[in-house]
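Visitor: I have a structure to go through with you. Please put it up, and I will ask my questions one at a time.

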Amino acid sequence: MVTIVRSRYGGVYEPGAWIAFACWPDDIPSDWNADDVTCAQFFAERKGEIGGGATPQEAYEDLLRLLAERRRRLGLESGS
């Protein structure tokens, strides 16, 4: 499941104007859409977990790239 939303701060703290989470909408922690300090901390602690881009498609593709990188790091890529 992937959930894509417009970022609250337009990419100031988030990885882009649009952000992609690898979860259901109800599972996204509320801190992603909180005040400046909370939002900044939320995204700083989750670098590499949330895709971002100028469009929803770019955010989705970034999330797929991040997940593929994680699989490679963990040795989970098929054929490994």
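Visitor: Which residue meets E69 in a salt bridge, and at what N to O distance?

Guide: This is a predicted model, where local features need pLDDT of at least 70, side-chain atom pairs count only at pLDDT 80 or more, and totals for chains, interfaces and linings use all residues. Residues are numbered from 1 along each chain as its sequence is written, and side-chain values use heavy atoms, with hydrogens and water left out. A salt bridge here is a side-chain nitrogen of Lys or Arg within 4 Å of a carboxyl oxygen of Asp or Glu. The side chain of E69 meets that of R65, at 2.8 Å.

Visitor: How far apart are E69 and R65 in helical turns?

Guide: Both residues sit in helix α2. Helices are DSSP runs (H or I, at least four residues), strands likewise (E, at least two), numbered from the N terminus. E69 and R65 are four residues apart, so the separation is about one helical turn.

Visitor: Which other residue forms a salt bridge with R65?

Guide: Look within helix α2, three residues from R65, about one turn of the helix. The closest N and O atoms of this pair are 2.4 Å apart. The partner is D62.

Visitor: Is D62 buried or exposed?

Guide: Buried means under 20% relative accessible area, exposed over 50%, and partly exposed in between (1.4 Å probe, protein chains only). R65 is at 39% and counts as partly exposed. E69, at 28%, is partly exposed. D62 has a relative accessible area of 15%, so D62 is buried.

Visitor: How many salt bridges does the structure hold?

Guide: D62, R65 and E69 are linked in a network of salt bridges. R46 also forms a salt bridge with E45, with the closest N and O atoms 3.6 Å apart. R46 is partly exposed, at 25%. The total number of salt bridges is three.

Visitor: Which residues make up the patch of positive charge on the surface?

Guide: Patch residues have over 30% relative accessible area and no salt bridge; like charges are joined within 9 Å, nonpolar side chains (Val, Leu, Ile, Met, Phe, Trp, Tyr) within 5 Å. Lys and Arg count as positive, Asp and Glu as negative, while His and the chain ends are not counted. The place of a charge is NZ of Lys, CZ of Arg, CG of Asp or CD of Glu. The patch gathers R70, R71, R72 and R73.

Visitor: What accessible area does the nonpolar patch have?

Guide: Its members are V2, I4, Y60 and L64. Y60 lies in helix α2 and is partly exposed, at 31%. Accessible areas come from the Shrake-Rupley method with a 1.4 Å probe; for residues, only the protein chains shown count as cover. Together the four residues have about 280 Å².

Visitor: How far is G75 from I19, C-alpha to C-alpha?

Guide: G75 is in the segment after α2. At 44% relative accessibility, G75 is partly exposed. G75 and I19 are 56 residues apart along the chain, and their C-alpha atoms are separated by 26 Å.
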